[in-house]
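Reader: I am new to this structure and would like to learn how to read its features one at a time. Could you take me through them, starting with a pocket?

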Amino acid sequence: MDTNASSLDQLDDAVAAAAFKRLVLHLQHRHDAQNIDLMGLSGFCRNCLADWIMDAGFEGDKAAARELIHGMPQDEWKATRQSPATDEQLERMKESLAKNKAG
C-alpha cells in the first residue's frame, strides 16, 4: 500500500495534525465503534493509529501510544469498552487486512 500519496503533500502539516486529533477524539467518543469492526471495514483501528504515531516518531512506548489514542490505558479500554469478537467479525477483519497488502 502506498502511504505516501503525492496529493497529501498539498496538505499543511498543522491542518493534518488538527484533523488527526479530531479523528482520535471522535474515536474516543464513539467507543461503540469496536476496533474489530473498524478493522473489518477499513483495515485499521485505534491500535493501528497508535502504531502509526510510533512510526512517526512518538517517543513513548507502545502502551503509552495506545493510551494516548484510547484516552485511557489499553487494559481499561478492553475491560470497559471492548466486547468479544465474533467469528464473523474475525473473518471480515482477515479479509480486510488482506486488502491492505494488495497494491
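Author: Let us begin with the second largest pocket of this predicted model, where helix H2 gives the most to the lining, with 3 residues.

Reader: How does one find such a space, and what volume does the second largest pocket have?

Author: The general idea is that rolling a probe the size of a water molecule over the atoms shows where empty space is left. In this structure, the second largest pocket has a volume of about 160 Å³. Its lining is made of 13 residues, and those closest to the centre of the pocket are Asn-35, Ile-36, Asn-47, Gln-82 and Met-93. Two or more lining residues come from each of helix H2 (35–42), helix H5 (74–81) and helix H6 (87–101).

Reader: Which classes of residue does the lining of the second largest pocket have?

Author: Sorted by class, this lining holds 7 nonpolar, 5 polar and 1 charged residues.

Reader: How many helices and strands are there in the chain as a whole?

Author: The chain has 6 helices and 0 strands, so that, read from the N terminus on, the order of its elements is α-α-α-α-α-α. The C-alpha trace spans about 40 × 30 × 25 Å along its principal axes, and of the 103 residues in the chain, 24% are buried.

Reader: Which residues make up the largest nonpolar core?

Author: A nonpolar core is read as a group of buried residues joined through their side chains. Here the largest one has 11 residues, namely Val-24, Leu-27, Leu-38, Met-39, Cys-45, Cys-48, Leu-49, Ala-50, Ile-53, Ala-65 and Ile-69. Helix H1 (13–29), H2, helix H3 (46–55) and helix H4 (62–70) each give two or more residues to this core, and the largest share, 4 residues, is that of H3.

Reader: Is His-70 buried or exposed?

Author: One compares the relative accessible area with a cut-off, and under 20% counts as buried. His-70, which is found in helix H4, has a relative accessible area of 2% and is therefore buried. Once its neighbours within four places in sequence are left aside, His-70 is in contact with Gln-28, Asn-35, Arg-46, Asn-47 and Trp-77.

Reader: What share of the contacts with a separation of 6 or more joins residues 24 or more positions apart?

Author: In this chain, such pairs account for 51% of those contacts.

Notes. Residues numbered from 1 in each chain as written. Predicted model: local features only at pLDDT ≥ 70, side-chain atom pairs only at ≥ 80, totals over all residues. Heavy atoms only, no water. 1 Å grid on protein atoms, 1.4 Å probe; cavity = no way out; pocket = protein on both sides within 12 Å on 5 of 7 lines; lining within 4 Å. Points joined across faces, edges and corners; volume = space filled by probe spheres on them. Nonpolar A, V, L, I, M, F, W, Y, C, P; charged D, E, K, R; others polar. Core = buried A, V, L, I, M, F, W, Y, C linked by side-chain atoms within 4.5 Å. Buried < 20%, exposed > 50% of the residue type's maximum accessible area, 1.4 Å probe, protein only. Contact = heavy atoms within 4.5 Å.
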